[in-house]
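Here are my notes on the model you sent. Please read them with the structure open.

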Amino acid sequence: MADGSAPGGDRRVGDLLARAAAWVADDPDPLTAAAVEDLLRRIRAGTADEAITDELAELFRARLEFGTAGLRGALGPGPNRMNRVVVRRAAAGVAAWVNGHGGGRRLVAIGRDARHGSAAFLDDSVAVLAGAGLDVVVLPEPCPTPVLAFAVRHLGAAAGIMVTASHNPASDNGYKVYDAEGRQLDAEQAAAVLGAMDLVERVTDLPLAGPGAARVTRAGEEIVDAYLASLVGLLGAPRTQPRVAVAHTALHGVGAATVRAAAWRVGFVDLHEVDDQAVPDPDFPTVAFPNPEEPGALDRLLEQAAWSRADVALANDPDADRLAMAVVDPPGRDPHDPASWRPLSGDELGWLLADHLVRRGDLPADGVMATTIVSSSLLRALAADAGVAYAETLTGFKWVARAPGAHQRLAFGYEEALGYCVGDVVHDKDGIGALLVAAEMVSDVLAAGESIPGRLDDLARRFGVHHTRQWSVRLEGGAGAARIAAAMAALRAGGPDRLADAAVTRVEDLAFGSPERMLPPSDVVILTTDGGRVVVRPSGTEPKLKAYVEVVEPVGADGDLPAARARAAERADAVVAALPAALGL
C-alpha cells in the first residue's frame, strides 16, 4: 500500500486517503498534521483495524458549517474539526465577503476567549485578514463576546470575529462572525462566507501579514470602558440603595474582570465571586460541562451564595454572553443552605426581565419584545398586556437581533438557552448587560419587600402557568447525524397522533419556511397539542436532537397556584416520557 491506494481496492477509502494526504500537505500546524499522517501511515502499512479507518473518515466526513452560532466543533484535524486550516479558510472567506459587501468599510474587529487554540486561531485570522488588505483591530485578549459585538458598531467596522466555543465542552472551539450592525451572520451572509471559503484551494498559498503589520492595531481597555459606559444606560434611574449582594461565577471563562468593573460602575452591586472559577482556565477543572444549564455546573455558585448571604446568585457562561440566575425558593427557606437555592429556567428569567422593564415604565414607543419559537409563549401574552410590539423568530440571536421591523428597535429579546439582550447597546445576547439589569430588578424587589418567586407567582396568576421542559439526546458522528435526520423525516411524514394524553392537533414543518409566522426555512417541526406545543430541531452547535416542551395550565377560579403547577408539571412529564418513542429513538 506504499502508493497510497486503498486496501482491497476500495475507491471510497482511496479517495479518503487522497483527501487526508492533501490536508497534511496544507496544514500549517505540525501537531494536527502529524495526527493525520500517523493514521495514514498505519492504514497504508496494513496495520490499522477498521476503527482507525473510521476515525479518519469521521475527520473528513463533512465540513463544519455556520450553525445557530457560527462555526463550532471539537478541536482536531480535518474539515469536520476546529483547526488552523479551517480557521484560515474562514478568515479568508470573511475577508472576501468584506471586500465584496463591505460598502467601502475595510475594518474588521476581532477578539478571542481563553480556550485551547483560541490564541493561535486569532493570530491566523489577523494574518489572513491583513494579508487580504483589510485593517484589523484586535481587542484586549481574552475578552467577553459581548464586548466584541459592541466593538463592531463602536468602531464602525465592516465585520467582527469572535474566536469562542461559548459554553461547549473544553474539547471544542468555535468562530462567530458579525456583520456591520454587530449581529451574527444570517443564513444568506453565512452562505456567502462559506462560498468564499470553498474558493480557497490551499491555505498555505494565502498571503499572510506579519505580526507587526501596519494594518493591525491592538486596542486597549478604552473599548471595554466604552462598553461599560453604555451598559450603565440600560438601567433606570441612578441608585445606590438598596444594595444587592450578588454571588457570581464566570465558570472559568473570560467574564469575571468585566463583571467586576461593571459592578463597580453602577455602585449598588456587592459582588461575591466564586474565586476558583474567576480566572480563565481552558480545562474548566471544576465543572463537567461549562454550561450554566447543565446539572451540577452551578454547585459552587450556590455554595458561595449561601456562604456570603447573597440576595441573588448569577452565573455567566465562559464567554459571558449568557446569564443564569438562582434564588432562594420558596422564600422562607434557610438562605445559608445551598439546597435552598433554585436555578431559574431561561424562560423564567426572560419573563422576569421583561416584566421588570414593563414595570419601569420607560420602554421606547418604537420598542419590540422578541423571543424564539422554542421559548415560552408567555412573553407574547405579557407584551400584549403591556401594549408592546412582539415578534417571534427562529432559534438563535442572529434572528432575535433582526426581529424589529422598519422604524422599530429591540427593547428586549431573549431565548430560553439563557440568552438575553436589553436595549440596543449590543445586537447580540449580552450576559453582562443582562446581569446589571437583573441586579437592578432584585434591588427593586428588595425595596418593595417582595421576592423573585413572588414575581413569578404574579405572572402565573395573570397569564397562566407556562411550564417548559427540554429533552435532548446526543448522537455523535455520522451514524448519529443519520439517526437525527431519520427522526426529523419521520415527523415530517406525519408524526404521532398523540403525545401521552395530549392529542396532536397540528404538525408544522418549517423546512420551507412559514409565511404565516413570517419565518424563513429551517430544520424545525412544531407539534401543537391540546394546551401546549413541542418544537423539535437538531441543535445548531452540538450533535444533539432537541425537543422543547411547553404546557399551559390555567390557574382556575379557585386561585390554587400550587395545584395548577402540579397539573402542568405532570402533563409536561408525560409528554417528555413519550418523546423517545414518538421520535423513533
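**Notes on the predicted model**

1. Start with the loop between β20 (532-538) and β21 (544-553), where T541 lies. Helices (H or I, at least four residues) and strands (E, at least two) are DSSP runs, numbered from the N terminus. T541 is buried, at a relative accessible area of 18%. Buried means under 20% relative accessible area, exposed over 50%, and partly exposed in between (1.4 Å probe, protein chains only). The C-alpha atoms of T541 and R218 are separated by 30 Å, and the two residues are 323 apart along the chain.

2. Basis and confidence. This is a predicted model: local features need pLDDT of at least 70, side-chain atom pairs count only at pLDDT 80 or more, and totals for chains, interfaces and linings use all residues. Residues are numbered from 1 along each chain as its sequence is written, and side-chain values use heavy atoms, with hydrogens and water left out. The average pLDDT (the predictor's confidence in each residue, from 0 to 100) is 93 for the protein, and 98% of the residues score at least 70. Residues 1-9 are another matter: pLDDT stays under 50 there, and the model has 12 contacts for them beyond four places in sequence. Contact means heavy atoms within 4.5 Å. Where pLDDT is low, the predicted coordinates should not be read in detail.

3. β20 and β21 form a hairpin with 5 residues between them. Their pairing is antiparallel, over 7 bridges; two strands pair if DSSP finds at least two bridges between them. V534 has V549 of β21 as its bridge partner. β21 also pairs with β16 (residues 465-474), in the antiparallel sense and over 10 bridges. There R474 stands opposite K544. β21 is largely enclosed by the rest of the structure, because 9 of its 10 residues are buried.

4. The six-stranded sheet. This open sheet of 6 strands has mixed pairing and runs in the order β1-β5-β4-β2-β3-β6. β1 (71-74) and β6 (216-218) are the edge strands, each pairing on one side only. From one strand to the next the twist averages 15°. V138 stands opposite R218 in β6.

5. Helices on the sheet. Helix α4 (residues 84-101) lies across β1, β2 (107-112), β4 (159-163) and β5 (172-178) and runs at about 5° to β5. Helix α6 (residues 145-155) touches β2, β3, β4 and β5, and its direction makes about 165° with that of β4. Axes are lines fitted to C-alpha atoms, for helices over the stretch in contact, and angles run from 0 to 180 degrees between N-to-C directions.

6. How enclosed is α6? With 8 of its 11 residues buried, α6 is largely enclosed by the rest of the structure. The buried set is T145, P146, V147, L148, A149, F150, A151 and V152. Their cover includes β2, β4, β5, α8 (222-232) and α14 (431-447). G156 follows α6 and has a positive phi, near 70°.

7. α6 against α8. The two helices pack at about 95°, with axes 10 Å apart. They are therefore roughly perpendicular to each other (65 to 115 degrees; under 35 counts as roughly parallel, over 145 as roughly antiparallel, the rest as oblique). P146, V147, F150, A151, H154 and L155 in α6 meet I223, V224, A226, Y227 and S230 in α8. By class, that contact has 9 nonpolar, 2 polar and no charged residues. Ala, Val, Leu, Ile, Met, Phe, Trp, Tyr, Cys and Pro count as nonpolar, Asp, Glu, Lys and Arg as charged, and the others, Gly among them, as polar.

8. α12 against α15. The axes of α12 (residues 378-386) and α15 (residues 452-463) come within 11 Å and cross at roughly 80°. That makes α12 roughly perpendicular to α15. L378, A381, L382 and D385 in α12 meet L459, R462 and F463 in α15. The residues of this contact are 5 nonpolar, no polar and 2 charged.

9. Strand β7. All 6 of the 6 residues of β7 (residues 244-249) are buried. Both faces are covered: V244, V246 and H248 on one side, A245, A247 and T249 on the other. β7 runs parallel to β8 (residues 269-273), joined by 5 bridges. A247 stands opposite H272 in β8.
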